[in-house]
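Subject: Structure handover

Hello,

Here is the structure I promised to pass on. Please open it next to this email as you read.

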Amino acid sequence: MTDISDSDRAACRAMLASGSKSFRAAALLLPARIAEPAAALYAFCRVADDAIDEAPDPVAALPPLQRRLDAIYAGRPQAHPADRAFAQVVRDHAIPQALPAALLEGFAWDGEGRRYATLAALEGYAARVAATVGAMMTLLMGVRDPAALARACDLGVAMQLTNIARDVGEDARNGRLYLPLDWLAEEGLRADEFLAAPRFTPGLGRVVQRLLDAADLLYARAEDGFARLPWDCRAGIGAARHVYAGIGRAVERQGGDSVTRRAVVPNRRKALLMARGLAALAARRAPNPAPPLSATGFLVEAVAAQPMPARDSLPERIARAVALFDRLADPSALGRM
């Protein structure tokens with residue numbers, strides 16, 4: 001398989017620039033060596049998400065995407081910049097196919113309007129649409145340590161829970177509901193009735209607050225992962241952690257009402273939160289890291305089952321070159337080459 005072209009790279013950067021503001025901001029905070037493969041990762045995620053969102057039958061749209069992913073891993077990507085670029089990324093960084101396959105599954109769950117009975121079930125969804133991206137970003141940084149991957153998954157799940165808390169009204173108006181159904185039932189709220197006429201109530205505010213509390217626990221757990229990342233990546237990931245947690249604080253200041261208005265973090269406040277990411281530079285590893293969430297353990301295990309292929313050390317490359325020169329200098333060896 002040949003390397004991707006400059007035009008493929010440019011196409012992926014353009015997709016990132018016109019897409020997710022949060023992903024784009026995070027990429028800008030990371031070193032250049034991470035930014036390019038991150039753009040390719042985002043581009044493929046965007047193409048896959050759009051393919052399911054725009055399909056008349058989201059469930060039927062999944063098998064073609066799975067075949068497309070199979071082609072990428074076979075080294076025969078389809079003639080699309082995102083596919084070609086992502087094929088090189090998965091090859092260069094030994095990304096197990098189980099990670100993007102789980103992401104596609106999560107997109108399909110979105111398309112079919114799946115609801116989640118409990119927080120644990122919701123974490124299973126967040127593991128697919130968010131923790132997978134966190135795990136893949138960690139691999140782009142050259143880190144395969146299980147504890148680092150577990151914390152990256154924690155951060156991804158926390159961010160997704162925050163997104164859900166912020167977007168309750170917008171999701172409901174689009175016919176989607178992600179809040180745990182058992183929590184709603186405890187507040188006397190019925191899912192179908194809420195979707196038919198979305199409105200804010202104190203009971204709904206308490207459900208949203210419980211979700212933000214669950215996210216905060218995961219943000220705190222995720223901090224142990226900062227010290228397990230390359231030094232020049234820590235501040236960027238720390239900034240993302242604080243900015244997303246800041247969205248949760250904005251929802252709280254509205255009393256948990258994300259139905260009648262959307263929580264926004266002002267730019268000045270966002271800059272202060274990003275600056276707090278510098279604290280990640282001084283992070284220290286916990287002596288006894290927590291295990292991964294039950295919902296994300298399969299992602300950590302998939303990486304452990306596919307270690308990075310060994311690369312020759314500099315002495316080994318030198319020894320090979322010397323042996324080749326010796327053979328070239330021996331006329332009798334030429335007939336054996």
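Below are the notes on what was found.

First, the ground rules. This is a predicted model, where local features need pLDDT of at least 70, side-chain atom pairs count only at pLDDT 80 or more, and totals for chains, interfaces and linings use all residues. Residues are numbered from 1 along each chain as its sequence is written, and side-chain values use heavy atoms, with hydrogens and water left out.

**Overall**

The protein has 17 helices and zero strands. Both are DSSP runs numbered from the N terminus: helices are H or I with at least four residues, strands are E with at least two. Of its 337 residues, 50% are buried. Buried means under 20% relative accessible area, exposed means over 50%, and partly exposed lies in between (1.4 Å probe, protein chains only). Take contacts (heavy atoms within 4.5 Å) between residues at least 6 apart in sequence: 75% of them join residues at least 24 apart.

**Helix α5**

This helix has 13 residues. From first C-alpha to last, α5 reaches 18 Å, close to the 18 Å expected at 1.5 Å a residue. The expected span is 1.5 Å times one less than the number of residues. Buried residues in α5 include Ala82, Phe86, Val89, Val90 and His93. Their cover includes α1, α3 (32–53), α4, α6 (98–111) and α7 (119–140). Just after α5, Ala94 takes a positive phi of about 50°.

**Salt bridges**

Side chains of opposite charge can pair when their charged atoms come close. A salt bridge here is a side-chain nitrogen of Lys or Arg within 4 Å of a carboxyl oxygen of Asp or Glu. The whole structure holds 24 of them.

Arg84 and Asp8 form one, at 2.7 Å from N to O. Arg84 is in α5 (residues 81–93) and Asp8 in α1 (residues 6–17), so the pair ties together parts 76 residues apart in sequence. Asp8 is buried, at 2% relative accessible area. Arg84 is partly exposed, at 30%.

Arg262 and Glu170 form another, at 2.9 Å from N to O. Arg262 sits in the loop between α13 and α14 (267–276) and Glu170 in helix α9 (residues 168–173), so this pair links parts 92 residues apart in sequence. Arg262 is partly exposed at 43%, and Glu170 is partly exposed at 39%. Salt bridges that share partners join Arg166, Asp167, Glu170 and Arg262 into one network.

Arg228 and Asp224 also pair, at 3.2 Å from N to O. Both residues are buried.

**Arg234**

Arg234 lies in helix α13 (residues 231–253). A polar atom of its side chain is 3.2 Å from the backbone oxygen of Ala227. Leaving out residues up to four places away in sequence, Arg234 touches several others, including Phe226, Leu229, Gly277 and Leu281.

**Gln66**

Gln66 belongs to helix α4 (residues 58–73). Gln66 is partly exposed, at 38% relative accessibility. Gln66 and Ala101 are 35 residues apart in sequence but 7.1 Å apart in space, C-alpha to C-alpha.

Best wishes

Conventions: Polar contact = N/O pair within 3.5 Å; in protein donor to acceptor, adjacent residues only side chain to side chain.
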